[in-house]
Amino acid sequence: MSRVFRSGNYITHRYKGRAHRGIDLTPSSGSWDILAHSAGKVVIATNGYGNMWGSEGNLSYGNFVKIKHSNGAHTLYAHMSYTAVSVGQSVGHGQNIGVMGNSCNRDGSHLHFEYHPPGSGY
């Protein structure tokens, strides 16, 4: 089992610093459900964004979820077709938080995943 999909994942775009702050993933097979990497509390959850070319800032993530973990780290899951959690909700490791999609500035379905360590200011 993968940390963010029910099956393994393929990395389709790697971390490149400020140019690309996370990694892009697709599942190797099976469900496109997105799972919480680790337990934590949802601090952002957006819905209602389609594929809007030219959007900037956080809107370029489309439908996304950001989770704060007990150690102060944050994980972010972007480009979902929809999110299945709400702000303030506690989530457990492996809990379904949404479905992979193609929201905002994207050519195809994938998950954009970011990890921000404690103290990173994110």
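Some ground rules. Residues are numbered from 1 along each chain as its sequence is written, and side-chain values use heavy atoms, with hydrogens and water left out. Because the model is predicted, local features need pLDDT of at least 70 and side-chain atom pairs count only at pLDDT 80 or more, while totals for chains, interfaces and linings use all residues.

I start with the whole chain. The chain has nine strands and zero helices, where strands are DSSP runs of E with at least two residues, helices are runs of H or I with at least four, and both are numbered from the N terminus. Of the 122 residues, 45% are buried; buried means under 20% relative accessible area, exposed over 50%, and partly exposed in between, with a 1.4 Å probe and protein chains only. Among contacts with a separation of 6 or more, 60% come from residues 24 or more positions apart, a contact being heavy atoms within 4.5 Å. The accessible surface is about 6,100 Å², and carbon and sulfur atoms hold 51% of that surface; the areas come from the Shrake-Rupley method with a 1.4 Å probe, and for residues only the protein chains shown count as cover.

Next, strand β5, residues 63–68. Five of its six residues are buried, so β5 is largely enclosed by the rest of the structure. On one side, β5 has β4, residues 40–45, as an antiparallel partner over four bridges; strands pair if DSSP finds at least two bridges between them. In that pairing, Val42 is opposite Ile67 of β5. The pairing of β5 with β6 is also antiparallel, over five bridges, and there Lys68 is opposite His74 of β6. What lies between β5 and β6 in this hairpin? There are five residues, and Gly72 in the turn has a positive phi of about 95 degrees.

Now the core. The largest nonpolar core has 14 residues, and those touching the most other members are Ile34, Val65, Ile67, Tyr77, Val91 and Ile97. Such a core is a set of buried Ala, Val, Leu, Ile, Met, Phe, Trp, Tyr and Cys residues joined through side-chain atoms within 4.5 Å. Two or more residues come from each of β5, β6, β8 (96–100) and β9 (111–116). Beyond four places in sequence, the contacts of Val65 include Val42, Ile44, Tyr77, Met80, Val85 and Ile97.

That brings me to Val85, in the loop between β6 (74–83) and β7 (90–91). Is Val85 buried or exposed? Its relative accessibility is 6%, so Val85 counts as buried. From Val85 to Ile44, 41 residues apart along the chain, the C-alpha separation is 9.3 Å.

Last, a polar site. His112 sits in strand β9 and is buried, at a relative accessible area of 5%. Which side chains does His112 meet in polar contacts? One is that of Asp24, at 2.9 Å, and another is that of Glu114, at 2.7 Å. A polar contact here is a pair of N or O atoms within 3.5 Å; within protein, one must be able to donate a hydrogen and the other to accept it, and residues adjacent in sequence count only if both atoms are side-chain atoms.
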